[in-house]
Amino acid sequence: MEQTEAFYQVLQRRRSVRAFRPEPVAEAQLQRIFSQAQAAPSNCNTQPWLCAVASGEPLETLRKGIPEAFAAGQWSMDFPYDGQYEGVYKERQHKAAADLYSAMGISRDDKAGRNAQFMRNFEFFGAPHVAFIFLPEPFGLREAADCGMYAQTLMLALAAEGLASCPQTALSFNADLVREVLGIEADNKLLFGISFGREDTEASVNQCRTERAEAGECVRFYA
Ligand SMILES: Cc1cc2nc3c(=O)[nH]c(=O)nc-3n(C[C@H](O)[C@H](O)[C@H](O)COP(=O)(O)O)c2cc1C
C-alpha cells in the first residue's frame with residue numbers, strides 16, 4: 001500500500017512546468033533516469049524511440065537558433081500540426097490556456113503577453129536540458145504511440161527524482177535545425193521535445209494546475 005501511495009504521489013507531482021532553474025542535472029542522475037525510462041513498453045518490444053538529450057553548448061545553439069528561425073518564418077515540421085480542435089476538445093484546450101494565462105496575470109486580450117509566453121517555448125523555458133524524441137522512418141502511428149509511452153515513463157522517472165519537465169510539440173516546429181545542430185540523420189523524424197530540470201518554484205506560470213475530466217467522460221466500462 002505504501003508503494004501504491006508513493007506511485008500515485010509521483011503521478012500527481014508530474015505536471016508541465018514552464019520556468020526552470022538553470023543548474024544542470026548531475027551526469028550520474030541523468031544516466032539513472034534514462035536507464036529507468038527504458039522500462040517503457042512498446043509494440044513487439046521494438047523500443048522505436050530515439051531520444052536525443054541536448055545540454056550545454058548544443059542546447060545553447062538551439063536556444064538561440066530556434067527563436068531566430070521562427071522569427072524569420074522558417075518552419076520544418078516532420079508531422080502536420082494545425083492546433084485546431086472542435087467540441088469538447090476545444091473547450092478543454094481553451095480552459096487550460098485560460099488557467100495558464102490567468103496564473104500569469106495575462107489578460108484575454110493581451111496578445112503581446114500571450115505571444116511572449118508562447119515564444120518562451122523556443123527557449124525551453126530556461127531548462128538546462130531537452131530530450132528530443134525522434135521516430136525513425138519508416139515507423140508510423142503505432143510506433144508513435146510507443147514514443148508517447150516512453151515520454152510519460154521518462155517524465156514520471158524525472159518526477160520521482162524531484163525534477164520537473166514540460167513536453168512540447170512547439171519544439172518540433174524546426175526539425176531540420178535540431179537535426180543539423182545535433183548531427184542526427186534525416187530519416188529520424190522529430191515528434192516533440194521535453195524540457196527538463198529543476199522547477200523555478202517562484203515563477204507565476206508554475207502556479208497553474210490543469211483540470212481533468214471525470215474518468216467517466218473518457219472511460220467506458222463494459223461488464
Ligand atoms: C505531446 C505533448 C505536447 C505538448 N506541447 C506543449 C507545448 O508545445 N507547449 C506547452 O507549453 N505545453 C505543451 N504540452 C503540455 C500540455 O499543455 C499539458 O500536458 C496539459 O495542459 C496538461 O497539463 P499538465 O501536463 O500540467 O498536467 C504538451 C503536452 C503533450 C503531452
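A residue is called buried when its relative accessible area is under 20%, exposed when it is over 50%, and partly exposed in between (1.4 Å probe, protein chains only). By this scale phenylalanine 173 is buried, with a relative accessible area of 6%. The structure is a predicted model, in which local features need pLDDT of at least 70 and side-chain atom pairs count only at pLDDT 80 or more, while totals for chains, interfaces and linings use all residues. Residues are numbered from 1 along each chain as its sequence is written, and side-chain values use heavy atoms, with hydrogens and water left out.

Rings of Phe, Tyr and Trp (its six-membered ring) pair if their centres lie within 6.5 Å; planes under 30 degrees apart count as stacked, over 60 as edge-to-face and the rest as tilted. Across the whole structure, 10 aromatic pairs are found. In one of them, the rings of tryptophan 49 and tyrosine 150 have centres 4.7 Å apart and planes at 15 degrees, so this pair is stacked. It links distant parts of the chain: tryptophan 49 is in the loop between α2 (27-37) and β2 (50-55), and tyrosine 150 is in helix α6 (residues 141-160), 101 residues apart. Helices (H or I, at least four residues) and strands (E, at least two) are DSSP runs, numbered from the N terminus. Both tryptophan 49 and tyrosine 150 are buried.

Phenylalanine 173 returns here with tryptophan 75 as its partner in a tilted aromatic pair, 5.1 Å centre to centre and with 35 degrees between the planes. This pair, too, links distant parts of the chain: tryptophan 75 is in the loop between α3 (56-71) and α4 (87-104), and phenylalanine 173 is in the loop between β4 (164-168) and α7 (175-182), 98 residues apart. Tryptophan 75 is partly exposed, with a relative accessible area of 46%, whereas phenylalanine 173 is buried. These two residues belong to one aromatic cluster, formed by Phe70, Trp75, Tyr81, Phe118, Phe122 and Phe173.

Leaving aside neighbours within four places in sequence, proline 67 is in contact (heavy atoms within 4.5 Å) with Leu62, Met119, Phe122 and Glu123. Glycine 65 is also found in helix α3, and at 15% relative accessibility it counts as buried. By comparison, the C-alpha atoms of proline 67 and asparagine 206, 139 residues apart along the chain, are separated by 22 Å.

Helix α4 has 18 residues and reaches 26 Å from its first C-alpha to its last, close to the 26 Å expected at 1.5 Å a residue; the expected span is 1.5 Å times one less than the number of residues. Its buried residues are Asp99, Leu100 and Tyr101, and they pack against α5 (111-119). The helix is followed by glycine 105, whose phi is positive, near 70 degrees.

Several loops hold backbone features worth a look. Glutamate 137 and proline 138 are joined by a cis peptide bond, with omega about 5 degrees, and proline 138 is in the loop between β3 (129-136) and α6. Glutamine 47, a residue other than glycine, has a positive phi near 45 degrees. Glutamine 47 is in the loop between α2 and β2 and counts as partly exposed, at 31% relative accessibility. Phenylalanine 125 likewise has a positive phi, near 55 degrees; it is in the loop between α5 and β3 and is buried, with a relative accessible area of 1%.

Finally, there is the ligand. An oxygen atom of the ligand is 2.7 Å from an N or O atom in the side chain of arginine 18, and a nitrogen atom of the ligand is 2.8 Å from a polar backbone atom of threonine 169. A polar side-chain atom of threonine 210 lies 3.0 Å from an oxygen atom of the ligand. Taken alone the ligand exposes 620 Å², of which the protein buries 66%; accessible areas come from the Shrake-Rupley method with a 1.4 Å probe, and for residues only the protein chains shown count as cover.

Methods
Polar contact = N/O pair within 3.5 Å; in protein donor to acceptor, adjacent residues only side chain to side chain.
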